[in-house]
Amino acid sequence: MSVIITAVVSVTVIGLICAIVLNVASKLMYVKVDMRVTQLIDVMPGANCGACGYPGCEGFAVALAAGEAKTNLCPPGGPELIKKISEILGIEGESIEKKIAVIRCLGSDDAKQKKMEYKGIPSCAGANQLYGGQCACGFGCLGYGDCLKVCPTNAICMETGLAHIIKDLCTGCGLCIKACPNRLITIENESIPVLVACINIEKGAIVRKKCKYGCIACTKCVKECPDGAIVIEDNLAKIDYAKCSGCGKCADVCMTKCIVKNKVI
């Protein structure tokens with residue numbers, strides 16, 4: 001009997017000691033929760049895309065509450081989210097321009113040459129693993145819609161082997177960028193006047209044999225631009241939007257029509 005009593009007393013004493021230690025630890029290690037963080041998380045779009053530069057919506061909310069982030073860093077949330085953030089934090093929010101994804105390729109099935117017939121897994125990532133896919137141009141759209149599959153707003157569609165962005169549905173979250181193995185999708189301001197829809201950096205003579213819409217670095221756009229906003233780097237035309245006035249002359253003179261105006265992006 002004494003053995004049982006001793007065991008019960010020992011267990012009780014150990015339990016009391018553990019309870020006291022845990023209670024003291026909870027007091028000493030208590031971290032005050034900022035209720036604003038919870039409120040901010042509730043109004044976030046929940047895409048967890050990382051476009052804000054932080055690890056998901058919660059990371060952005062924590063940074064906002066700590067005064068370490070600007071209110072206009074979330075493209076999917078847009079102006080409406082900025083307004084809600086401002087109300088929660090009691091601060092004035094920065095302005096934001098809507099951003100959208102753009103496909104820097106015009107290589108539809110009728111425009112690009114093929115180097116082989118791909119019979120593998122119907123995915124861009126899979127095709128890219130086999131000599132860069134079936135298209136002669138190793139920089140263009142692979143045509144299997146990996147970007148479409150990850151888009152949370154159904155803002156991407158596939159037509160004749162080429163991805164297209166539905167601007168009204170796009171929130172600029174950037175998830176499609178991560179899904180594209182050729183990295184030909186970028187996020188731009190919706191108001192950009194023109195776009196160089198090609199990322200092929202091969203020499204012009206080679207590009208012409210692979211795609212009729214590829215940039216051949218002919219420099220006609222450079223010479224025609226009245227703002228000095230276009231340069232040729234690595235055999236590819238590049239536009240400085242800070243200088244571009246949106247006249248559209250570069251698109252008018254482009255020999256391969258790889259520079260497109262905003263209304264057709």
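D146 lies in helix α6, residues 146–150. Helices (H or I, at least four residues) and strands (E, at least two) are DSSP runs, numbered from the N terminus. Please keep in mind that this is a predicted model, in which local features need pLDDT of at least 70 and side-chain atom pairs count only at pLDDT 80 or more, while totals for chains, interfaces and linings use all residues. Residues are numbered from 1 along each chain as its sequence is written, and side-chain values use heavy atoms, with hydrogens and water left out.

What does D146 touch? Not counting residues up to four places away in sequence, D146 touches S123, C124, A125 and A179; contact here means heavy atoms within 4.5 Å. With A125 there is also a polar pair: a polar atom of the D146 side chain lies 3.0 Å from the backbone nitrogen of A125. A polar contact is a pair of N or O atoms within 3.5 Å; within protein, one must be able to donate a hydrogen and the other to accept it, and residues adjacent in sequence count only if both atoms are side-chain atoms.

Let us move on to Y118, in the loop between β1 (99–103) and α5 (124–128). Is Y118 buried or exposed? Y118 counts as buried because its relative accessibility is 11%. Its side chain has a polar atom 2.8 Å from the backbone oxygen of I121, and a polar atom of that side chain is 3.4 Å from the backbone nitrogen of A127. Leaving aside neighbours within four places in sequence, Y118 is in contact with G126, A127, L130, Q134 and Y144. Y118 and G133 are 15 residues apart in sequence, with 6.9 Å between their C-alpha atoms.

Now for some helix packing. Helix α2 (residues 35–43) and helix α4 (residues 78–89) pack at an angle of about 165°, their axes 10 Å apart. Axes are lines fitted to C-alpha atoms, for helices over the stretch in contact, and angles run from 0 to 180 degrees between N-to-C directions. The two helices, α2 and α4, are therefore roughly antiparallel, since angles over 145 degrees count as roughly antiparallel, under 35 as roughly parallel, 65 to 115 as roughly perpendicular and the rest as oblique. On the α2 side the contact is made by R36, Q39, L40 and V43, and on the α4 side by L81, K84, I85, I88 and L89.

Helix α3 (residues 56–65) is mostly covered, with 8 of its 10 residues buried. Among them are F60 and L64. After α3 comes G67, whose phi is positive, near 75°.

Finally, look at the loop between α8 (204–210) and α9 (220–224), where A217 is found. Most residues other than glycine have a negative phi. A217 is not a glycine, yet its phi is positive, near 55°. T219 has its place in the loop between α8 and α9 too, and T219 has a positive phi of about 75° although it is not a glycine. A217 counts as partly exposed because its relative accessibility is 21%, and T219 counts as partly exposed at 26%.

Definitions and conventions. Buried means under 20% relative accessible area, exposed over 50%, partly exposed in between (1.4 Å probe, protein chains only).
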